[in-house]
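Here is a short tour in questions and answers. Keep the sequence and the 3D view at hand.

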Amino acid sequence: MKRKTFYLFAAMVAILASSCGNSGKPAFGDNEFPVMTIGTQGTELTSTYPASLKGVQDVEIRPKVSGFITKVAVQEGQHVSRGQVLFTLDSETYVAAVRSAQAAVRQAEASVSSAQAQLATARLTYTNSQSLYKNNVIGSYELQTAKNSLNTSEAAVAQAQAAVASAKASLANAKEQLSYCYVTAPTSGVVGSIPFKQGALVSPSITQPLTTISNSSTVEVYFSMTEKDILAMTKTSGNVANAIKALPAVKLKLADGTIYSHDGTVTKMSGVIDATTGSVSMIATFANPDMILRSGGSGQIIIPTVKSNAILIPQSSTTQVQDKVFVYKLAANNKVVYTEITVNPQNDGKNYIVTSGLKPGEKIVTNGITKLTDGMEIKPITEEQYKKKIEEAAKLGENQGSASGFADAMGGKKK
C-alpha cells in the first residue's frame, strides 16, 4: 500500500513539473500571430453625450402684491393644474379697497343721475325760451342764457359719466389686486421647493420665488456636440436644418443606468460655438406621459449611427501615437507593415470603423501587436486557432491548480 502511494505521488510531481514549465500559457511559436481578413458589414455605433433635463416650461411663481401668507395650498412635488390656487395672502386690505371703490362707483353714478336731471331741466328751459323769443316775449339775451345753461348741463353729464368710468376702472383695479392674494398656477406641472411658509411676509420685490412650476409633459434634454461632429454633419447634409432632420431617433440613459422607454428627437441646435469648450449646444425633446423625467435631472443622450458596407476592426488591433491610429498590415511575404489608418470618431468602445488606410481583402494582425516591429516576418494563424490555444492554456491552468491541490493533500498525509 505504501509503495502505491509513493508511485502516485511521484506521478503527480512529474505533472506539476510539466505544468510549471508551460506556466499556463498558450503554446505559440515565437512568430505566430493571429490575423483577420478585412471585410465589410453593416453596423450601428452609438455616441453618448452628458445631458441635463428641463421641462418645456419652468415658471417662477412670484407674488404681485405684498402680504402675509395665510395658506400654503400645495406641497413640494405635487402635480397641479393650470389655475389651481397655490398660496393665499392676507386679503383684508385689498377687500377694503374693493369696498371703497364700489362706494366710489355708486357715488359717481348718483352724480350722473343728478347731472342728467339738471340737463333735462336746462333742455326744457331752452325750448321754452325759443318759443318766447319767436313771440317777442323775451330778448336774445334771455335766449342765449338758456342755451348756455343747456351746454353747461350737457358738460356736467359728460363729466359725471367720466367720473363713473374712472370709478369703475378703480374698482376693477382693486378687484384685480384682491385676486392677486390668491396665487395660482399659470401652467400645469410639478411644484418645486417651497421656501416660504405660512406667516411669511412676501412682496413683488422678493429675490427668491415662492416656488417653481415645471411643465414636464414634454422634457427638453440639453447636450453638447463637438465642433468637429457638427462640421461632419453639416458637410454631409448641406446645412444645419437638414443635419438635424437627418439625425435618427435618440435614446436617453437615466442616472440609474437604465434606458428611458420613449425615444426622443433632436429639435434644436445653437448657432454659436462655445469658444471655451469648442462645442455646440443641442436640444432633444422627449415625451413624458408617466412623469418619470424631472426638470433638473441628468442623464446621457445616446445617438445611434448606422453604417452600411463599413470596414470594422477591433480596437485591440490598433495602436495610437498622439492623434494617429496605426495597424500592422500583413504583406504577401508574411511581413508586417506599420500602416496609418483613419477611423470614424464615433465608436462603441470596442471597434473602429475604418474610413481610409485599409481595403477589403487585406489582412491585419489582431493580437500581440506590442511585440511587432515594422517589416518583421511572422507566421500568421487564424483567429480560431488563436482562440483554441487560449482555451487550451486555460484548461492547462485549471489542471495545474488541481495538481497543486492534490500535491498539498499528499504532502499533508505524508506528514
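Two strands pair if DSSP finds at least two bridges between them. Helices (H or I, at least four residues) and strands (E, at least two) are DSSP runs, numbered from the N terminus. This is a predicted model, where local features need pLDDT of at least 70, side-chain atom pairs count only at pLDDT 80 or more, and totals for chains, interfaces and linings use all residues. Residues are numbered from 1 along each chain as its sequence is written, and side-chain values use heavy atoms, with hydrogens and water left out.

Q: Over how many bridges do strand E2 and strand E9 pair?
A: E2 covers residues 40–61 and E9 covers residues 211–226. Ser52 stands opposite Tyr222 in E9. The E2 and E9 pairing is antiparallel, and the bridges number 10.

Q: Which residue in E12 is the bridge partner of Tyr222?
A: E9 also pairs with strand E12 (residues 279–287). That pairing is antiparallel, over nine bridges. In E12, the partner of Tyr222 is Ile283.

Q: Which strands stand at the edges of the open sheet of four strands?
A: The order is E6-E5-E3-E8, with antiparallel pairing. Each edge strand has a single partner, so one side of each is left without a neighbour in the sheet. The edge strands are E6 (182–184) and E8 (201–202).

Q: Which residue in E6 is the bridge partner of Val85?
A: Strand E5 (residues 85–89) runs antiparallel to E6. Three bridges join E5 and E6. For Val85, the partner in E6 is Thr184.

Q: Are H2 and H3 roughly parallel or roughly antiparallel?
A: Helix H2 (residues 92–134) and helix H3 (residues 140–179) pack at about 165°, with axes 7 Å apart. Axes are lines fitted to C-alpha atoms, for helices over the stretch in contact, and angles run from 0 to 180 degrees between N-to-C directions. Angles under 35 degrees count as roughly parallel, over 145 as roughly antiparallel, 65 to 115 as roughly perpendicular and the rest as oblique. H2 and H3 are therefore roughly antiparallel.
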